[in-house]
Amino acid sequence: MANLVVSLFGPPRIEVDGLAIQVDTRKAIALLAYLAVEGQVQSRETLAALLWPESDGLSARSALRRTLSTLRTALGRRWLDVDRQTVRLDPEDLSLDVSRFRDLVDRHRRHSHPAAEVCPDCTQALAEAADLYRGDLLAGFSLRDSPEFDDWQAHEADVFREQLAVALDGLIAAHAATSRFQEALTYARRRLSLDLLQESTHQVLMRLHALRGDRSAALQQYR
């Protein structure tokens, strides 16, 4: 059976059996991304209003019908479950980075142990989640004629960035607690890149430099 790989962190990449799909409209990519991130059955009316907000109902539904046909063809007529009212992305044989990322972060949240306890399983899950995050959701992608989609994308990107911040904070704490200061520094620098004005992260970096015996780097971070 064919496999569908949907990578939405960073610029979107969609592959069937290792080959990038070919579509002639950005709306098809936007449609697949929305279905993948939401992970639920969507009504045709919702999708039409999201992607063609300036069109009347009939025109928007017609455009959606054409886009669904284009996308289904590109996917080898698999993975899209479509009826007269709804559309769904079938998860069978589907590899989705945002879904895997959520599962890994949730695994850490669900694992019951004291917050200060270093858990190898949680550390591994968070490291895998951080590796999956190649960039912000759909980085560089937008729809000029659909501010509703762009607003949705921006909101979801913020949610994923917040989840990444949680993962990075956990990795920093775990590596610092086991005296793996260089690894902790690497994650702390990445954490700072999410918000250069995050004072607590600057403080963490100063402490890590000090723990490594690098007073000069600690002072530079302070400045």
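User: In β2, what stands opposite L4?

Analyst: It's V16. Before we go on: this is a predicted model, where local features need pLDDT of at least 70 and side-chain atom pairs count only at pLDDT 80 or more, while totals for chains, interfaces and linings use all residues. Residues are numbered from 1 along each chain as its sequence is written, and side-chain values use heavy atoms, leaving out hydrogens and water.

User: How do you know that β1 and β2 are joined?

Analyst: Count the bridges. Two strands pair if DSSP finds at least two bridges between them, and β1 and β2 (residues 13-16) have four, running antiparallel. A strand here is a DSSP run of E with at least two residues, a helix is a run of H or I with at least four, and both are numbered from the N terminus. Five residues sit between the two strands of this hairpin, and G10 takes a positive phi near 85° there.

User: What joins β1 to β7?

Analyst: Three bridges, with β1 (residues 4-7) and β7 running parallel. V5 faces S95 in β7. The whole open sheet has four strands in the order β3-β2-β1-β7, and the pairing is mixed.

User: Which strands form the open sheet with antiparallel pairing?

Analyst: Three of them, in the order β4-β6-β5. Its edge strands are β4 (42-43) and β5. Three bridges link β5 to β6, and L80 has L89 as its bridge partner in β6. Helix α1 packs on this sheet, touching β4, β5 and β6, and its direction makes about 75° with that of β6.

User: Why is α1 called oblique to α6?

Analyst: Check the angle. The axes of α1 (residues 26-38) and α6 (residues 147-177) cross at roughly 40° and come within 12 Å. Axes are lines fitted to C-alpha atoms, for helices over the stretch in contact, and angles run from 0 to 180 degrees between N-to-C directions. Under 35 degrees counts as roughly parallel, over 145 as roughly antiparallel, 65 to 115 as roughly perpendicular, and the rest as oblique. So α1 is oblique to α6.

User: Which residues of α1 and α6 meet?

Analyst: A30, A33, Y34, V37 and E38 from α1 meet F149, W152, E156 and F160 from α6, where contact means heavy atoms within 4.5 Å.

User: Why is α8 called roughly antiparallel to α9?

Analyst: The axes of α8 (residues 199-211) and α9 (residues 215-222) cross at roughly 165°. That lands in the over 145 group, so α8 is roughly antiparallel to α9. Those axes come within 7 Å. Across the contact, H202, L205, M206, H209 and A210 in α8 meet A217, A218, Q221 and Y222 in α9.

User: How do you know that R78 and D93 meet in a salt bridge?

Analyst: Compare the distance with the cut-off. A salt bridge is a side-chain nitrogen of Lys or Arg within 4 Å of a carboxyl oxygen of Asp or Glu, and this pair has 3.2 Å, N to O. R78 is in the loop between α3 (57-74) and β5 (80-82), and D93 is in the loop between β6 (86-89) and β7, so the pair ties together parts that are 15 residues apart in sequence.

User: How many salt bridges does a search of the whole structure find?

Analyst: Six.
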